[in-house]
Amino acid sequence: MKRTNFTGVREFVFQGFSNFQEYQLTLFVVFFALYLLTLAGNVIIVTIIRIDHHLHTPMYFFLSVLSTSETFYSLVIIPRMLGSLVGLSQTISLEDCGTQLFFFLGFAITNCLLLAVMGYDRYVAICNPLRYTIIMNWRVCTILASSVCATGFFFSLIQAVSIFRLPFCNSLIEHFFCDVRPILDLACEVPVVNDILTLVLSLLAITAPATFLFVSYVLIISTILKIASAEGRKKTFATCASHLTVVVIHYGCASIAYFKPKSENTRDQDQLISVTYTVITPLLNPVVYSLRNKEVQDALRKVMGRKSLS
């Protein structure tokens, strides 16, 4: 078969938020403020869980892992995006783009799988409370967290290698970071196998854990409804409310981003969705868990009380 001639691209240029040229300074201030809140919130969550012995439970162990992952997830995308908004270079080498995509997908998939593991933890705690400490012992928790991280970065590596083995005929990325679809759009030709691989990995990273969470919460809610007292039902459901809120928003954004038909894509819509899951979603984790979780609030008050007395 005769191959089409192409010029190898070794550097990409982000188009960024050029459609909002007059608002770039405003966007920088807003995104920078949200970024600082995200970093501060996640660091506070991890620190409180580490300090307060009452929070040394599997649920909060997984929450601290999630907060750590969300922090690095933000670091991969937002600093470069902020730099482009204030006029710094919008170019990125092929190697750096591949690295950014690898770490972005690695932490993103890890977060999805961690939420599923946290759902399993809540299922065991509510549906099988007498065996909870046996099933969710620290060895199991460590293995689950390690396996989730390894799986996330394994999937990410497969996706990144499959994309960056392709020849690229265009260097303009119509986006503000190296994401799957914008990079594939620059390839001279995308083999069917790449589309199939992207779909399979999306199903494994998003649909499979989302389905698992749905089944888990059906069983959890059915168990809660069997509790005799209204106060007991309310208290039990409260332990799941924060996690369920984060799950709905997280998987909702991911599903829209990666399962929306390509024909329906517009650049502004894609950027709005991307801003949601790269800037807004990482902030939801500390905000939701601090506002809706009484144990975290109590631990924070204790820490603040100690500091004010010292």
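These are my notebook entries on a predicted model.

**Ground rules**

I am working from a prediction, where local features need pLDDT of at least 70, side-chain atom pairs count only at pLDDT 80 or more, and totals for chains, interfaces and linings use all residues. I number residues from 1 along each chain as its sequence is written, and side-chain values use heavy atoms, with hydrogens and water left out.

**Entry: helix H3**

I began with helix H3, residues 94-127. Helices here are DSSP runs of H or I with at least four residues, strands are runs of E with at least two, and both are numbered from the N terminus. I checked the length of H3. The expected span is 1.5 Å times one less than the number of residues.

Next I looked at cover. Buried means under 20% relative accessible area, exposed means over 50%, and partly exposed is in between (1.4 Å probe, protein chains only). In H3, 27 of the 34 residues are buried.

**Entry: annotated stretches**

I looked up the UniProt record, an unreviewed entry. Its annotation "transmembrane region" covers residues 25-48, 60-81, 101-120, 140-164, 199-225, 237-259 and 271-291. UniProt positions follow the numbering used here, feature names are shortened, and annotations may be inferred rather than shown by experiment. I checked two of these stretches in the model. Residues 101-120 are 100% helix and 0% strand, with end C-alpha atoms 29 Å apart. Residues 199-225 are also 100% helix and 0% strand, and their end C-alpha atoms are 37 Å apart.

**Entry: cavities**

How many cavities of 30 Å³ or more does the structure hold? I found two. A cavity is a set of points, on a 1 Å grid over the protein atoms alone, where a 1.4 Å probe fits but cannot get out; lining residues have an atom within 4 Å of a point. Grid points are joined across faces, edges and corners, and a volume is the space filled by probe spheres set on the points.

The largest cavity has a volume of about 300 Å³. It has 23 lining residues, and Leu 105, Ala 108, Ile 109, Ile 206 and Tyr 258 are the closest to its centre. Helices H2 (58-85), H3, H5 (138-164), H7 (192-225), H8 (230-259) and H9 (267-292) each give at least two.

I sorted linings by class: Ala, Val, Leu, Ile, Met, Phe, Trp, Tyr, Cys and Pro are nonpolar, Asp, Glu, Lys and Arg are charged, and the others, Gly among them, are polar. The lining of the largest cavity has 15 nonpolar, seven polar and one charged residues.

The second largest cavity holds about 70 Å³. Ten residues line it, and Met 59, Met 118, Arg 122, His 243 and Tyr 289 lie nearest its centre. H2, H3 and H8 each supply at least two lining residues. By class, this lining has four nonpolar, four polar and two charged residues.

**Entry: aromatic rings**

I noted 20 aromatic pairs. Rings of Phe, Tyr and Trp (its six-membered ring) pair if their centres lie within 6.5 Å; planes under 30 degrees apart are stacked, over 60 edge-to-face, and the rest tilted. Phe 154 and Phe 155 have ring centres 6.3 Å apart and planes at 45 degrees, so this pair is tilted. Phe 155 is buried, at 14% relative accessible area. Ring pairs also join Phe 17, Phe 31, Tyr 73, Phe 104, Phe 176, Phe 177 and Tyr 277 into a cluster.

**Entry: single residues**

Is Tyr 23 buried or partly exposed? It is partly exposed, at 47%. Tyr 23 sits in the loop between strand S1 (11-14) and helix H1 (24-51). Its C-alpha is 9.4 Å from that of Leu 85, 62 residues away in sequence.

Thr 38 is in helix H1 and is buried at 1%. Thr 38 and Thr 281 are 243 residues apart along the chain, yet their C-alpha atoms are separated by 9.2 Å.

His 250 is in helix H8 and counts as buried at 10%. His 250 and Ile 206 are 44 residues apart in sequence and 9.9 Å apart, C-alpha to C-alpha.

Definitions and conventions:
On a 1 Å grid over the protein atoms alone, a cavity is a set of points where a 1.4 Å probe fits but cannot get out, and a pocket is an open set with protein on both sides within 12 Å along at least five of seven lines; lining residues have an atom within 4 Å of a point.
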